[in-house]
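Please give a short briefing on this structure for someone who has not seen it before. Keep it brisk and group the points by topic.

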Amino acid sequence: MSTSTELQEKVEKAARVVESIPGFDLSGGYDQNWAEAYIWNKLKQMQIGKDEVSHEMLISDYTKEGDMRAVFCEGSEKLAVPWFRKIFAILKGDAFKADAKDVVQETFQNGTLGQQSDVAEAIAKLIESNRPVSQWKDGELVAALNADCSSEIVSELKKRANDWAVVAFDDEEKEKVNVEVTVKMLQLSRRRELPQVARFDGKTYRLFEVGKWPNAVFAECPMHEGVLLTEDYCDECEVDYSGVSKESLVFLRILAERGEVDATDKLRLRDLIKTAKEKGLLELCILFPKAAFEYEDRKGDDSLPSLKSRLAAGRNRSQDPLNPGKRVY
Ligand SMILES: [Zn+2]
């Protein structure tokens with residue numbers, strides 16, 4: 001079951017509230033991030049885990065304030081009801097309402113004259129900061145894109161780019177997005193196919209798919225150079241490499257380079273992977289003594305194939321029409 005990123009983000013937000021409760025400190029009872037651990041623990045008592053289905057249950061009408069209050073406000077480690085309500089609002093996805101109440105309350109408490117306009121301004125700011133990403137302009141979204149940004153920003157941009165690779169970097173090493181070029185490419189992608197690289201003001205930029213980062217290292221299929229494994233699966237081999245050690249994967253690559261194994265011979269390949277999984281590198285060396293010598297030699301002079309690929313750039317149309325380019329995952 002896939003993890004719910006949204007739920008994770010809500011729990012993190014609710015945890016900040018828990019940490020701010022005066023005199024409420026459970027850091028002795030939990031490891032690091034005690035507030036988060038505390039909330040997960042309480043949710044667990046409601047049979048709510050970190051997965052998507054749990055999140056759906058939590059936000060559904062089946063989960064009522066009273067059910068959750070019994071868990072959070074009674075027994076050990078209990079919260080006072082108002083704090084609980086705030087956390088409940090965040091977990092339910094009603095954080096905006098919770099924030100709005102705070103803003104109104106705080107402004108009234110602090111304000112003397114001009115209260116109304118203060119409240120109005122505070123609310124306007126709040127609405128602006130809570131504007132759903134679907135309403136952001138292209139430039140705003142791209143400016144907010146970085147390796148740590150929220151998953152909402154990534155998925156909204158991905159959608160707008162129609163899965164084209166549109167992201168250009170000023171500095172690939174530092175993963176600094178070039179907003180101007182990226183917005184241009186994003187807008188171009190709505191009208192035409194995109195190349196794999198963009199030329200802009202005399203500079204050349206590789207284009208990356210939204211959410212892919214130049215420094216991320218991906219594992220290549222041992223049989224197919226340049227083809228990335230997805231969760232250890234190779235789409236070209238139609239084979240799952242999970243459970244095969246790194247050394248054995250390198251050995252398989254050497255076999256492929258030597259022409260001793262052919263990925264189209266699926267039965268043999270599967271058999272070989274089974275051997276690799278169950279018996280490991282030593283058995284492979286026994287089965288393929290010549291390749292074993294090469295493996296040892298190349299290990300000695302540090303020239304073993306790495307199977308690591310930094311080629312996370314996009315899969316846009318290649319500029320050479322005769323070479324359609326490799327699909328990259
Ligand atoms: Zn493969």
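In the hairpin of β4 and β5, 2 residues lie between the strands, and D201 takes a positive phi near 50°. This is a predicted model, in which local features need pLDDT of at least 70, side-chain atom pairs count only at pLDDT 80 or more, and totals for chains, interfaces and linings use all residues. Residues are numbered from 1 along each chain as its sequence is written.

**The hairpin**

- Strand β4 covers residues 197–200 and strand β5 covers residues 203–206. Strands here are DSSP runs of E with at least two residues, helices are runs of H or I with at least four, and both are numbered from the N terminus.
- The two strands pair in the antiparallel sense over 4 bridges. Pairing requires that DSSP finds at least two bridges between the strands.
- F200 stands opposite K203 in β5.
- A198 stands opposite Y205 in β5.

**Other positive phi values**

- Most residues other than glycine have a negative phi.
- E77 is not a glycine, yet its phi is positive, at about 50°. E77 sits in the loop between α4 (65–73) and α5 (81–92).
- E77 counts as exposed because it has 12 C-beta neighbours inside 10 Å.
- D163 lies in the loop between α9 (151–160) and β1 (165–167).
- D163 counts as exposed because it has 12 C-beta neighbours inside 10 Å.

**The chain as a whole**

- The protein chain holds 14 helices and 10 strands.
- Of its 329 residues, 23% are buried.
- Among contacts with a separation of 6 or more, 60% join residues 24 or more positions apart. Two residues are in contact if their C-beta atoms, placed from the backbone, lie within 7 Å.

**Nonpolar cores**

- In soluble globular proteins, nonpolar side chains tend to be buried together.
- The largest nonpolar core has 23 residues. Such a core is a set of buried Ala, Val, Leu, Ile, Met, Phe, Trp, Tyr and Cys residues joined through C-beta atoms within 7 Å.
- C234, Y241, F251, L252, L255 and I273 touch the most other members of the largest core.
- Helices α11, α12 (266–279) and α14 each supply at least two residues of this core. The most comes from α11, with 6 residues.
- Not counting residues up to four places away in sequence, C234 touches C221, M223, H224, V227, L229, V239 and Y241.
- A second, separate core has 20 residues, including V166, A168, M185 and F208.

**Where α11 meets α14**

- Helix α11 spans residues 246–258 and helix α14 spans residues 289–300.
- Their axes come within 10 Å and cross at roughly 115°. Axes are lines fitted to C-alpha atoms, for helices over the stretch in contact, and angles run from 0 to 180 degrees between N-to-C directions.
- F251, I254, L255 and R258 in α11 meet A291, E294 and Y295 in α14.
- By class, this contact has 5 nonpolar, no polar and 2 charged residues. Ala, Val, Leu, Ile, Met, Phe, Trp, Tyr, Cys and Pro count as nonpolar, Asp, Glu, Lys and Arg as charged, and the others, Gly among them, as polar.

**S189 and its contacts**

- S189 is found in the loop between α10 (179–188) and β4.
- S189 is partly exposed because it has 19 C-beta neighbours inside 10 Å.
- S189 and A161 are 28 residues apart in sequence, and 6.3 Å apart in space, C-alpha to C-alpha.
- Leaving aside neighbours within four places in sequence, S189 is in contact with A161, N162, W164, V166 and L194.

- E65 is found in helix α4.
- R69 lies in helix α4. R69 is partly exposed, with 16 other C-beta atoms within 10 Å.
- Leaving aside neighbours within four places in sequence, R69 is in contact with V81 and F84.
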